[in-house]
Amino acid sequence: MGRALGRLKGVDFYRKIPTDLTEASLSGAGLSVIAAVVMLLLLGAELNNYLTLETKTSMIVDRSAQGELLRINFNISFPALSCEFATLDVSDALGTKRLNLTRTVRKLPINADLERVGHYIHDDRVLDIKYDELPENYTADTINYSSPLSKVDFEAAMKKYDIIIGNFYAPWCPWCQRLEPTWEAVREEVHTKYPDTDGRIHMAKIDCTKEVDLCRDHHITGFPSLRVFRKGHDEVMNHGLREHESYKGDRTKDSLLAFVETLVPSAGRPHYYVRGMQRVPKSEGCALSGFVLVKKVPGTLHFLPKSSGHSFDYHSINMSHQVGYMYYGNKPSPRRRQALELYHPMGLTEDWADKMQGTNFYSRNQRTTFEHYMQVVLTSVEPSQKNHEASFDAYEYTVHSHLYNTDDVPAAKFSYDMSPIQIVVTERKKAFYHFVTTTCAIIGGVFTVAGIVDGIVHGAGRLAKKVDLGKQG
């Protein structure tokens, strides 16, 4: 047993030198302190590198599931587009067309300074307004426009009658021409039943091509507009905000007569809601916000003035707007945003997901269409399994905008195109054995180098002493 242990000592890599055969030096002590400090610094740097997140970025063909939908979130403010007629349509390259989206879109009345002046509106416009059959041999040349009121006459009539139903029209408007014979028949019957001496109700029409200022004062943008005026004004105070009373029902004789009869009992009383009447914000502008779900193919969001049964003077429409926000997908939670800042190849900037936020697009010219073209790229963050909550699909885009004059309906168009390339960011795993190996290399390397330097310094010191004693050679 003793002989075996003796042989085992023969493979000792770390043979000991007796203490009385070693010599301590001041230079060796200094090098030892320096070596220890260097070791600590290098070990700290290596530990920090081991704990630091390292990612790998790959570019692959988009692997989104077939039929997967993309969410587009928006908040667009139009200071010169009334909420009464503001509309959002969506179309795409597959031929899909969705008109007048309302379920996920909200409208907020604003003024020219983009300040809120009303409550959020639910769009319940009638899509198919009914009309009476036109008389035989009826043409636009036979229309009688002999009795429209001037601004002075209209103001005098508002003082005279408790209720006035105003028909704001334009002679060139086909819907106004369609309504004209029904309007005249209803007006004649109403004025016979409720003569001027009664004073409770009166029907009047205003030609907006002649009384431009009068129509502008009452925020008339679509023709025909049927407004209800009580005691000289059509304003309704709703929680401190001003609104209009506007008729939005069918334009048949029976419907209009029924509407008139519902108004008569309220003559002389404050404004209140009756069936067939809609409260319309008394403001010039509208902010549309919400989201739409679209297929991942090229498509366009169309913001434009449109309404069934109304015509518009495109020369007076200004589609200038401000983008509150326009981004794709879901907004990351604060925790996921912190994770994205670590995983994103270039970090996150303020506008990393929304390049249009707070941008203004204005034109002094009417009949101007704005077009914005966005190229969207999907970046998928795929962390390790222990940090799976940080996984996220982030959408970024570039945008190019321009405007031009058009002979068609002025609009604001937001076109999008998905890139076929998907960026995948994965977490690069670091092996623990690599950290241990590097740690050993640091300790051994610094110790060895320090020993070499100490040997050189010690040898140089002995040589210097020999020179001083004159014992060289």
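The model is predicted, so local features are considered only at pLDDT of at least 70 and side-chain atom pairs only at pLDDT 80 or more, whereas totals for chains, interfaces and linings use all residues. Residues are numbered from 1 along each chain as its sequence is written, and side-chain values use heavy atoms, with hydrogens and water left out.

The protein contains eight helices and 20 strands; helices (H or I, at least four residues) and strands (E, at least two) are DSSP runs, numbered from the N terminus. Of its 473 residues, 41% are buried, where buried means under 20% relative accessible area, exposed means over 50%, and partly exposed lies in between (1.4 Å probe, protein chains only).

Five strands form an open sheet in the order β5-β13-β2-β16-β17, with antiparallel pairing; two strands pair if DSSP finds at least two bridges between them. The edges are β5 (105–110) and β17, each of which pairs on one side only. On average, neighbouring strands of this sheet are turned by 20 degrees against each other, direction ignored. Angles run from 0 to 180 degrees between N-to-C directions, and axes are lines fitted to C-alpha atoms, for helices over the stretch in contact.

Within this sheet, strand β2 (residues 69–78) is joined to strand β13 (residues 285–295) by 10 bridges and to strand β16 (residues 321–328) by six. Residue N75 takes part in both pairings: its bridge partner in β13 is S289, and N75 stands opposite Y325 in β16. Three bridges connect β16 to strand β17 (residues 359–361), again in the antiparallel sense, with H321 opposite F361. In a regular strand, side chains alternate between the two faces of the sheet.

Residue G290 lies in strand β13. Residues up to four places away in sequence being set aside, G290 touches I72, N73, F74 and T104. G290 and R103 are separated by 187 residues in sequence, yet their C-alpha atoms are 9.1 Å apart in space.

Further pairings involve strand β18 (residues 368–382). This strand runs antiparallel to strand β19 (residues 392–405), to which 14 bridges join it, and F370 has L403 as its bridge partner in β19. By contrast, β18 pairs with strand β20 (residues 412–427) in the parallel sense over 12 bridges; here the bridge partner of E382 is T426.

Two packed helices are described by the angle and the distance between their axes. For helix α4 (residues 174–193) and helix α6 (residues 253–263), the axes come within 9 Å and cross at roughly 40 degrees. The crossing is right-handed, that is, the near helix is turned clockwise from the far one by less than a right angle. Residues making the contact include L179, V186 and V190 of α4 and L256, L257 and V260 of α6. By class, seven nonpolar, one polar and four charged residues take part; Ala, Val, Leu, Ile, Met, Phe, Trp, Tyr, Cys and Pro count as nonpolar, Asp, Glu, Lys and Arg as charged, and the others, Gly among them, as polar.

Notes
Contact means heavy atoms within 4.5 Å.
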